[in-house]
Amino acid sequence: MVPECKITRIECYRFDDELSDKLLPGHGRDCHCGILSISTSLGTSGLGDYEIPCGNLKGDFVQWAVVFQKLKGLSLEDGLQYVRQKKEAWGEVRTHVIESALTDLSDKLQHKSIGNKELDVLSNRSYIFDHSEAYVSF
């Protein structure tokens, strides 16, 4: 019997300009760029990237990311349902980044995507941390 997959950790990174240029070429200079990583009880992770226009970030990065904390402990299906319920309150960028990460996770769990997106981005965690202006983990 396969154990049910639960979301166990959510990490949000906001990159400096160097890493933003490397991972999200063509991003606007007046934007905050980064990734969101969702890890599960099965050891699988999903990623979503984002670009937030500076003027659209109300408050600080932690306040922007804290809404994702409610997904911790949910199944993938319940997480997607929760995101759909919060779409209007969260806005387009937050909804897109979390849906993207959940979709990436779903694809990996269904073996549709064997891509190295995760390895390319997170293989050198010290580099990622050195080039992150902000980091939040739940």
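Predicted model: local features only at pLDDT ≥ 70, side-chain atom pairs only at ≥ 80, totals over all residues.
Which residues do ring pairs link into a cluster?

**View 1. Ring pairs join Tyr 50, Phe 61, Trp 64, Phe 68, Tyr 82 and Trp 90 into a cluster.** The structure contains 10 aromatic pairs. In one of them, Tyr 50 and Trp 64 are tilted, with 5.1 Å from centre to centre and 40° between the planes. This pair connects distant parts of the chain, since Tyr 50 belongs to strand β3 and Trp 64 to helix α2, 14 residues apart. Tyr 50 has a relative accessible area of 4% and is buried; Trp 64, at 6% relative accessibility, counts as buried. The rings of Trp 64 and Phe 68 have centres 5.7 Å apart and planes at 80°, so this pair is edge-to-face. Phe 68 is buried, as is Trp 64.

**View 2. The largest nonpolar core holds 24 residues.** Leu 36, Ile 38, Trp 64, Phe 68, Leu 71 and Ile 98 touch the most other members. Two or more residues each come from β1 (7-15), β2 (31-40), β3 (45-53), α2 (61-65), α3 (76-109) and β4 (132-137). The largest share is that of α3, with 9 residues. Another core, of 6 residues, lies apart from this one and includes Tyr 13, Phe 15, Leu 47 and Ile 128. As a general background to such views, nonpolar side chains in soluble globular proteins tend to be buried together.

**View 3. Leu 36 has contacts in several parts of the chain.** Leaving out residues up to four places away in sequence, Leu 36 touches Ile 10, Glu 11, Cys 12, Gly 46, Leu 47, Gly 48, Phe 68, Val 97, Ile 98 and Ala 101. Leu 36 is also one of the residues that touch the most other members of the largest nonpolar core.

**View 4. An open sheet of 4 strands has the order β3-β2-β1-β4.** The strands pair in the antiparallel sense. At the edges stand β3 and β4, each with a single partner strand, so one side of each has no neighbour in the sheet. From one strand to the next, the twist averages 15°. Helix α3 lies across β1, β2 and β3, and runs at about 160° to β3.

**View 5. β2 and β3 form a hairpin with 4 residues between the strands.** The antiparallel pairing of β2 and β3 extends over 9 bridges. Cys 31 is placed opposite Pro 53 in β3, and Ile 35 is placed opposite Asp 49 in β3. In the turn, Gly 43 has a positive phi of about 90°.

**View 6. The cysteines form 0 disulfides.**

Definitions and conventions. Residues numbered from 1 in each chain as written. Heavy atoms only, no water. Disulfide = S-S within 2.5 Å. Core = buried A, V, L, I, M, F, W, Y, C linked by side-chain atoms within 4.5 Å. Buried < 20%, exposed > 50% of the residue type's maximum accessible area, 1.4 Å probe, protein only. Contact = heavy atoms within 4.5 Å. Phe/Tyr/Trp six-rings, centres within 6.5 Å; stacked < 30°, edge-to-face > 60°. Pairing = 2+ DSSP bridges. Axes fitted to C-alpha atoms, helices over the stretch in contact; angles between N-to-C directions.
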